Amino acid sequence: MENLHTANGSTTTVTNGVPTNGIKTNGISTNGVLTNGAKPNGTGANGVSKPLTDGASTDARKRIVVVGLGMVAIAFIEKLLKEDPEHTRFEIVVIGEEPHVAYNRVGLTSFFEHRKIEELYLNPTEWYDAQPGLHHHLSTRVTEILPESKQVKTSTGQTVSYDILVLATGSDAVVPQDTPGHDATGVFVYRNISDLERMITYAASVKGTTGLVVGGGLLGLEAAKAMMDLEQFGSVKLVDKNPWVLSRQLDRDAGGLVVEKVQELGLEVLRCHRIKDIHTDENNIVKGVKFVDGKEMECSSICFAIGIKPRDELAASAGIKTASRGGFKIDQNLETNVPGIYAVGECASWDNQTFGLIAPGVEMADVLAFNICQSTRSGGDQPPRAFRRPDLSTKLKLLGVNVASFGDYFADRDGPQEATEGQVGIKALSYKDPFESVYKKYLFTADGKRLIGGMIIGDTNDYIKLVGMVKSKKQIDVPPSQFILGAKMEGEDDNPDDLPDDTQVCSCHNVSKGDISKVVKNGTCKSMGEIKACTKAGAGCGGCIPLVQQIFNAEMKAMGSEVKNYLCPHFEYSRADLFNIISIKKLKTMEEVMKECGKYPDSLGCELCKPTLGSIFASLFNRHVMDTPMHGLQETNDKFLANIQRNGTFSVVPRVSGGEITPDKLIVIGTVAKKYGLYCKITGGQRIDMFGAKKQDLVEIWTELVEAGMESGHAYAKSLRTVKLSASNADHQSQSCVGSTWCRFGIGDSVGMAIRLEERYKSIRGPHKLKGGVSGCVRECAEAQSKDFGLIATENGFNIFVGGNGGSKPRHAELLVKDCPVEQVVPVLDRYLMFYIRTADKLQRTARWIEGLPGGIKYLREVVIDDRLGICADLEAQMEELVGTFFCEWTEVVKSPERRKAFQQFVNTPESLEGIEIITERDQTRPTYWPKGSVKEDFRGTKWSALSWQPIVKASHFAGSEASPSGKSAAVKRGDTQLAIFRVKGKYYATQQMCPHKRAFVLSDGLVGDDEKGNMWVSCPYHKRNYELEGQAPGSCKNDEELSIATFEIEERDDGWVYVKLPSVEELDARLGTKKWMVTKEETEDPFKKLDQTLLLKGRKSKKTAELDKLPCAQQGPALQKAISVGGGGCGGGGSGSGSAGLDW
């Protein structure tokens, strides 16, 4: 029995190929049911489906069956749907073997960052449900083709008829079957999501060991990066049989340079090595490898990336011819030898070649869709298109190294692929810059008049133009040397207007500049997101996005709709502009800035500009964020000096500079956590997070920590988190290995340097969070090259890297200074960080900031190293002044009775309420998961039976509200209901406290903003749902029309109380009570339920630890008071018999 999922969201249950009778669900006929009560990926739940039967299509439409649901298949389907917008010509049935809809395989590596397959989907699951002419089937394999009856059989026994059959089955990764141990546990391939999920799970069980990648091609380098990104392996090594990597795209010089670069980044490359045997233990688990030359190496995991094998197993039964190297043989029309059966993508062999890149597959899909829809072969009026030799130009960023090859890039070695009229021979022009790690080789006809192809390492800025020149086959009118050196003058920016419309911008999806310009000019696309969805530009590897953005901006400007980088509707300035204005004019309050340069001088601002201005004030003047003029500008995290969590509690993160902490402080942290019932975890930033602190407990918690000599870790701020840093919630982080302090491989004292840097830059606020790292040697255990600034010790000092980050768009750091003397490290970083703080955009990480600088890292080096602008002394002086103003924000709160008053849940009672159920898991407590959906009830339209004025809170609580940019707010409790009270610009507002988006009781902590008409709203501090406080529709949500909140009349009276017009307590609680809307465990789903059943973890527990006072070391006292390092990276620490088995470096 199989569930077939149709385009309108219904489900047909098919048994032995025959659809069963439908049933009624919520009054809607569904023609079937979902098994196990679950909804398969990519399906909806409502609507009426047309059952698929054994016969042909029951209407006049042709049925096109597509086997496979990968990137090429979905490209073909999208083109068909675009040609048939009314769905009158084709009925499309796509059958996918994986449990997922089509996803971006080119971006597989990013999965290690977010672990969310949905972020890789090329179209959301809802898209499939919205296409009336499309039926999609997941987790289903086609087992046989019956050409005579034009049918395919599936793994579930179903038979589906077709008029046209398109095979897009893709390929499998090759594993050497003749190598002993190839089937051992710990052997992987890098091909699809399930491969990655298995690798992630296994890597966690072999932490600190060596991971091995076999294969030095594009896929091999991607797999190596994936292994490194896991941050589980002690080291990752790459084995290749060739003398250099990327041997199919690069020559010896270029490939050798890539080897040098990736080895600098921490990947050891073993060239000219072949594996003979894979060593395993008695349980067939990988223990190491033996090479052909007899050498051996220990490793725990092996990922093979040595090639692909076309999935052509369906050929035999159908009589389809296959090529000697595999793949369905196709002609120029993409048709196999069996009429009506076509093949596209990696499974297709054209001219005895298969193509592992996405671009040729998309081109095949384009040609086939055109011929089916428009050519005379299918009843159209256009001559058919033929598939020709595809362009294999490639531009990628592999392990932080820009690599490109274009045109006929091996024409000098293998001879030209196409004859050149009147010319014999090829001449190569090469350029190599070992200082900038740049290599270029361009190939020309013998007379130098035509560019044939080439390859580039490092500076790939001219790639798009060069590809266009090769394709156009036009003669060049400048000397070839001008191309190799670059014709752009110093300071000149790339201009997309210079590119002809037929220039290919996105090679993955064959999108030209003209395609992008067209959809902008005709109004179809008005944002980058719309361009990506409409044209697919940027939906593959993403390398074309900067150029797509340039084209978009240029077209918008030409239409009089220039894209402006304004901060928000209240300011016609960017963040950098405002920083300079505030700095020069010494403006110190929101009111002063608004009157000086705001669009509406008396405006309150909004949730966008307030935190930005607060950050600028802190970067310039470093006043306490809880001071009255500053407090109203802060997001909830800064407002309460702690990260707010999903149940309204907060996290507590003391600073642990460089991960170094004494046993005494560890004991204090444990004592505090136990006393207040806090959930504890050690972060990737080498410190300890304590979660679940109630707002009203924060002051007492920090009082105990401050008295023990600790200070704020600034985990809540857009500031430096740690040096090292990783998965912490902190903002200014610095991460280190133990370096020469302990590690036998250490060259420099990374701990000492990390502590000094963290102590210097702690509390410095900037446009976004900052993370640092220091590694004691090139083994790079602190991952310094993934940080905003990172240092790697050398024999002569430190190499300084800048502009790296993880996040949704990872970026490898770039080298700023090589062999920087120890005493020059701080001046260099002072300049770099202050230049970033001065010039970056709002919420812009250093990675994106450097990408946006004219000239990138080269320009940055000229500014902060060469002092091109003559501002280095000013940058250093400004940073020195800023670090000199340091104070611990929590220490100041603890000492201030006035500041302590801000930390209470309700201002009218010491009682407290929980808004989400707390559960116990692994001997710690945490809030249960988020509810699935929002509350879409019409709270705004609630009809109360009777209302009366009730005194709620003393007006004195709101004293001084006029001096605060957001006025003052408070949460109050009445019965079981929580209400939010605001006083802004002399007026009071009252609403429910719960934001219906996630049922979080937090609105009183939100920022208040207004528009040009003075209409006010409150912005939920969780996910920025903005609710009107006044105007035509108070209580409505400005950015989600399905949500609303209840509002109430409110006034201050002469008796000194604030009164709110409310229903009875019983009626109010029945509608808005905390217990009614509290999120409970029963209504949420455990995401690990099926996994735990698979892993048979039920009932397994770790051994209970001994109580503190019973530990052998408990009586050792001062003898144990030595500094120890928490969560440090490092290498080579204590093996068997080393005398340090208890230390995990």
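The views below show a predicted model.

**View 1. A nonpolar patch on the surface is formed by Phe1088, Leu1091 and Leu1095.** Together, these three residues present about 270 Å² of accessible area. Phe1088 is located in the loop that lies between α31 (1074-1077) and α32 (1089-1095). With a relative accessibility of 43%, Phe1088 is classed as partly exposed, because that class covers values between 20% and 50%.

**View 2. Three strands build an open sheet in the order β45-β56-β55.** The pairing within this sheet is antiparallel. Its edges are formed by β45 (948-954) and β55 (1050-1052), each of which pairs on one side only. On average, neighbouring strands of the sheet are turned by 30° against each other, with direction ignored.

**View 3. Strand β45 pairs with β56 in the antiparallel sense.** Six bridges connect β45 with β56, the strand of residues 1057-1062. Within β56, Val1058 is the residue that stands opposite Val953.

**View 4. Glu231 has a positive phi.** The phi value of this residue is near 55°, and Glu231 is not a glycine. Most residues other than glycine have a negative phi. Glu231 belongs to the loop connecting α5 (218-229) and β16 (235-239). Its side of the classification is partly exposed, because Glu231 has a relative accessibility of 41%.

**View 5. Cys272 is a further residue with a positive phi, although it is not a glycine.** Its phi is about 55°. Cys272 is placed in the loop between β17 (268-270) and β18 (275-280). At a relative accessibility of 52%, Cys272 counts as exposed, because the exposed class begins over 50%.

**View 6. Cys506 and Cys820 are both buried cysteines.** Cys506 has a relative accessibility of 2% and therefore counts as buried. Cys820, at 3% relative accessibility, likewise falls into the buried class. Both assignments follow because buried means under 20% relative accessible area. A search for disulfides across the whole structure finds zero.

Notes:
Residues are numbered from 1 along each chain as its sequence is written. This is a predicted model: local features need pLDDT of at least 70, side-chain atom pairs count only at pLDDT 80 or more; totals for chains, interfaces and linings use all residues. Side-chain values use heavy atoms; hydrogens and water are left out. Helices (H or I, at least four residues) and strands (E, at least two) are DSSP runs, numbered from the N terminus. Buried means under 20% relative accessible area, exposed over 50%, partly exposed in between (1.4 Å probe, protein chains only). Patches are made of residues with over 30% relative accessible area and no salt bridge: like charges are joined within 9 Å, nonpolar side chains (Val, Leu, Ile, Met, Phe, Trp, Tyr) within 5 Å. Accessible areas come from the Shrake-Rupley method with a 1.4 Å probe; for residues, only the protein chains shown count as cover. A salt bridge is a side-chain nitrogen of Lys or Arg within 4 Å of a carboxyl oxygen of Asp or Glu. Two strands pair if DSSP finds at least two bridges between them. Axes are lines fitted to C-alpha atoms, for helices over the stretch in contact, and angles run from 0 to 180 degrees between N-to-C directions. A disulfide is a pair of cysteine sulfur atoms within 2.5 Å.
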